[in-house]
Amino acid sequence: MLLTRLERSQGVSLQGQYIMIELRPYQTEIIDSVFKAWQTANDVLVVAATGAGKTNCFFEIIDRFLIQHPGARVVILAHRAELITQPFARLQSFWPHLLPRAGIVMANQNDSHRQIIVATVQTLGHHSKKRM
């Protein structure tokens, strides 16, 4: 289970319900492998099949990373708007303590001042809009 903070070890309270997420063994292995790879490399790529739980993996990686590096910033890039909103729903359900630090950079929304940014490739790559 995700037990990176004391309050999460006792469950996350969302509207009176306690929700915890249990990582699958291969997800835990992926997360541990990323941190091990970062000891010798700056660029690490994780590839997994649809439905493998990549969103859970990257939010757990982000959570652990920000605990170790509290001043760091994180950008999550996606190529479609649906892939921007879906992670936010997951964040709200299982990592609500990160939600106030997260924002979206897409179309008319520019939360580029946030610590965790979820953005579309198209918006960040557009030459007429200075975002970050």
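This report describes the sheet, the helices and the nonpolar cores of a predicted model.

Residues are numbered from 1 along each chain as its sequence is written, and side-chain values use heavy atoms, without hydrogens and water. Local features need pLDDT of at least 70 and side-chain atom pairs pLDDT 80 or more, while totals for chains, interfaces and linings use all residues.

**Sheet.** Helices (H or I, at least four residues) and strands (E, at least two) are DSSP runs, numbered from the N terminus. Four strands form an open sheet in the order 3-6-4-5, with mixed pairing; strands pair if DSSP finds at least two bridges between them. Strand 3 (74-78) and strand 5 (109-110) each have a single partner strand, so one side of each has no neighbour in the sheet. Strand 4 (residues 102-106) and strand 6 (residues 116-120) run parallel and are joined by four bridges. Val-105 has Ala-119 of strand 6 as its bridge partner.

| Helix | Lies across | Angle |
|---|---|---|
| Helix 3 | strand 3 and strand 6 | about 165 degrees to strand 3 |
| Helix 4 (residues 82-94) | strand 3, strand 4 and strand 6 | about 170 degrees to strand 4 |

Helix 3 (residues 54-68) has 15 residues and reaches 21 Å between its first and last C-alpha, close to the 21 Å expected at 1.5 Å times one less than the number of residues. Its buried residues (under 20% relative accessible area, 1.4 Å probe, protein chains only; exposed is over 50%, partly exposed in between) include Phe-59, Ile-62 and Leu-66. Asn-56, also in helix 3, counts as buried because its relative accessibility is 11%. Beyond four places in sequence, Asn-56 touches Ile-21, Leu-23, Gln-27, Arg-90 and Trp-95.

**Helix 2.** The buried residues Gln-27, Ile-31, Val-34 and Phe-35 of helix 2 cover an arc of only 95 degrees, which puts them on the same side of the helix; the arc is that of the directions from the helix axis to the C-beta atoms. They pack against helix 3. Exposed Pro-25, Glu-29 and Lys-36 lie on the face turned away from the buried side.

**Cores.** A nonpolar core is a set of buried Ala, Val, Leu, Ile, Met, Phe, Trp, Tyr and Cys residues joined through side-chain atoms within 4.5 Å. In the largest, of 18 residues, Ile-62, Ile-76 and Ile-116 touch the most other members. Helix 3, strand 3, helix 4, strand 4 and strand 6 each give two or more residues to this core. A second, separate core of six residues includes Leu-23, Ile-31, Val-34 and Phe-35.

Terms used: Contact means heavy atoms within 4.5 Å. Axes are lines fitted to C-alpha atoms, for helices over the stretch in contact, and angles run from 0 to 180 degrees between N-to-C directions.
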